[in-house]
Structure formats: structure tokens, C-alpha cells
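Subject: Structure handover

Hi there,

Here is the structure I promised to pass on. My notes follow below it; I hope they are handy when you open the file.

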Amino acid sequence: MKWLVDFLKGKWLAHPLHPVLAHVPMAMWPAALIFDLLSQRQIGGNAIVRLSFYAIAFGLAAALLAAPTGFVDWSGIKKEKPAWKIGLYHMSLNLIVTLLFALNLGLRWQTFHEASEVDRIPLLLSAVGTLILIGSAYLGGRMVYEYGISVARMSKKKWRKLAAAGGANLPPEK
């Protein structure tokens, strides 16, 4: 089981795996919204409708890969830390966004081969999903940049040793 956790954490890559995978839906789903808006302006015809469909599908596939990596990262946070709750909100919002885009894809399934314009409901789902995605991305960034989640991938003892070797002015250990 440890090999699976190490794999999902990206130890084999020497880089956290979640951000590598999570950036794909973060690019694909807003792109789908842009394509949807272009189709509303009669730009691109069926090609732009198909492009939006495939962007959503590709984003869903990546989201399914990103979810377990994010869950493993989140499960390593102590429950009493503020980042744990932020991670819970981040995960919940991502689940909602994934469900919205899955529904969105399902609504397009019958018509994407012929349509020259995206219907209003899928367009609305793309817009709402993208807005929620932006909020979730903010929370994910906050976990990394404010709380250092998945940044310090070694113990404090190792960090202190490296810092001391580099000549850092370290406070005394507590």
C-alpha cells in the first residue's frame, strides 16, 4: 500500500503529482467555456462545438486522475491544521465542478457531432463550473502558498540541516 501512496504523491517524479494533473482540467474547462461563447457568436461552427466537447471530456479524464492524488495529499494534513479544512472545501468544490462538467458532457452527447452552437444549459453549466473552479483553485493555491502543503517534502530536521550547511541564520531549536 505504501508504494501506491508514494506513487500518488509523485515521489517517483520528485515532484507532487496532484498539481501536474490538476492543471489539465483547470485549463480545459475554462477553454470549453471560451469555445462555447465563440459558438454563441457563430464562430467556428461545428468544429468549435466539438472542440468544447473534447475539452470537457479531456478535463474529466484528468480530473479523475487528479482526485486520488489530491486526496492522498489532503489525508496527510493534520485535522487541527487550518489547511485541512481548506482542503476539504477545495475537494468539495472540485467534486461539484466535476459533476457539473460530467452533466455538461452528457447533455452534449447526442448533438455535438452536428450542432453549430452550444445549447444554453450546457453553456450555463460551463460558466458556473468555471466560476466554481476558479474559487477552488484559489483555495488550492492558498494551501500551497500560505500553508506549504506538498512543498516541504522532507522533515524539519533535514531542512534545518540543509539550511545550516548553507550558512542560514537559524533560530534555536525548540
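Angles under 35 degrees count as roughly parallel, over 145 as roughly antiparallel, 65 to 115 as roughly perpendicular and the rest as oblique. Axes are lines fitted to C-alpha atoms, for helices over the stretch in contact, with angles from 0 to 180 degrees between N-to-C directions. Helices are DSSP runs (H or I, at least four residues), numbered from the N terminus.

This is a predicted model, in which local features need pLDDT of at least 70, side-chain atom pairs count only at pLDDT 80 or more, and totals for chains, interfaces and linings use all residues. Residues are numbered from 1 along each chain as its sequence is written, and side-chain values use heavy atoms, leaving out hydrogens and water.

On to the helix pair. The axes of helix 3 (residues 45-75) and helix 4 cross at roughly 155° and come within 10 Å, so the two helices are roughly antiparallel to each other. The contact residues divide into 13 nonpolar, 4 polar and 1 charged.

As for confidence, pLDDT (the predictor's confidence in each residue, from 0 to 100) averages 92 over the protein chain, and 96% of the residues score at least 70. Helix 4 (residues 82-108) has the highest mean, 97, and helix 6 (residues 156-165) the lowest, 75.

There are 4 salt bridges, counting a side-chain nitrogen of Lys or Arg within 4 Å of a carboxyl oxygen of Asp or Glu. One joins Lys-2 and Asp-6 (3.0 Å, N to O).

Best wishes

Notes. Nonpolar A, V, L, I, M, F, W, Y, C, P; charged D, E, K, R; others polar.
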